[in-house]
Amino acid sequence: MTEHGSRHTTPEPSKLPSFPIAAGAKGAPAERRGARGPYKRSAVTRAAILDAAMAVIIEQGSRSASMREIARRAGVDQSTVLHHFPQKATLLIALMRERDARSDEIFAAARPATIADVPEALLALARSNAGQADIIALYTLLAAESVTADHALEEFFHERLARVRAGFLEGLTALSDAGMLRDGVTPEFASSALLALWEGAQLHWLIDRDGVDVVALLEDFLHLILRSPQT
């Protein structure tokens, strides 16, 4: 029952919102699974390059990071790096798609059985992020750099934001249709505010790990916009 006494139907599990981190993005962890022989070695090399690139870019920024230094950290020749990633832009996009695919997998692993379980699945992703400071730092750095002139990821982040916002709006609309949003809270406000809070809180957490609890902030926000189970 809602506060107005009307009943709302609960969507079937197959129709529950997915809150895609980057719906439509390609790439990533799936490429590492099931490979054999030369393909497996290639996947391992690719993964080592991505890990090295993440470390170098976090230290130096994407503009200063060189393919030569990434190759050195990965323990391969620069030609090997260029074989997998012909341009730095290709490498940067691969890093972001890898990150997004991992996030999508985490949410999928916590797949909610009912609409009421969706908030907890989102918090599961936030808890996972709290254990991946380097990945969150890389994402935050590249997202900020992408607003500078002629950055390789300008278009990528512009399109990504549109996809993620659409995914959050779809998810909050489903919660609204199930009668879970409080009176006066629209799916448009809830989705935009949730995404902005999440990304802003992660930035503050990177600056002050002991003073900011991203999961607690998100949990409190969800309590503000969602009806309690008994209402």
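These legends describe an overview and several close-up views of a predicted model.

**Overview. The protein is built with nine helices and zero strands.**
Read along the sequence, the pattern is α-α-α-α-α-α-α-α-α. The protein has 231 residues, and 41% of them count as buried. The structure also holds eight salt bridges.

**View 1**
Helix 2 spans residues 67-74. The side chains of Glu69 and Arg72 form a salt bridge, at 2.7 Å from N to O. Glu69 and Arg72 are three residues apart in the helix, so about one helical turn separates them. Glu69 also forms a salt bridge with Arg73, again at 2.7 Å from N to O. Glu69 counts as buried because its relative accessibility is 16%, under the 20% cut-off. Arg72 is exposed, at 56%. Arg73 is partly exposed, at 34%.

Glu98 is buried, with a relative accessible area of 5%. Arg102 counts as partly exposed, at 25%.

**View 1. Shared partners link several salt bridges.**
Glu59, Glu69, Arg72 and Arg73 are joined into one network. Side chains of opposite charge can pair when their charged atoms come close.

**View 2. Ser103 is a buried residue of helix 4.**
Helix 4 covers residues 88-109. Ser103 has 5% relative accessibility, so it counts as buried. Leu125 is 22 residues away from Ser103 along the chain. The C-alpha atoms of Ser103 and Leu125 are separated by 6.9 Å.

**View 3. Helix 6 has a span close to the expected one.**
This helix runs over residues 133-145 and has 13 residues. From the first C-alpha to the last, helix 6 reaches 18 Å, close to the expected 18 Å. Its buried residues include Ile135, Ile136, Leu138 and Leu142. Tyr139, Thr140 and Glu145 are also among them.

**View 4. Four acidic residues form a negative surface patch.**
The patch is made of Asp150, Glu154, Glu155 and Glu159. Asp150 sits in the loop between helix 6 and helix 7, and helix 7 covers residues 154-177. Asp150 counts as exposed because its relative accessibility is 72%, over the 50% cut-off.

Methods:
Residues are numbered from 1 along each chain as its sequence is written. This is a predicted model: local features need pLDDT of at least 70, side-chain atom pairs count only at pLDDT 80 or more; totals for chains, interfaces and linings use all residues. Side-chain values use heavy atoms; hydrogens and water are left out. Helices (H or I, at least four residues) and strands (E, at least two) are DSSP runs, numbered from the N terminus. The expected span of a helix is 1.5 Å times one less than its number of residues. Buried means under 20% relative accessible area, exposed over 50%, partly exposed in between (1.4 Å probe, protein chains only). Patches are made of residues with over 30% relative accessible area and no salt bridge: like charges are joined within 9 Å, nonpolar side chains (Val, Leu, Ile, Met, Phe, Trp, Tyr) within 5 Å. Accessible areas come from the Shrake-Rupley method with a 1.4 Å probe; for residues, only the protein chains shown count as cover. Lys and Arg count as positive and Asp and Glu as negative; His and the chain ends are not counted. The place of a charge is taken as NZ of Lys, CZ of Arg, CG of Asp or CD of Glu.
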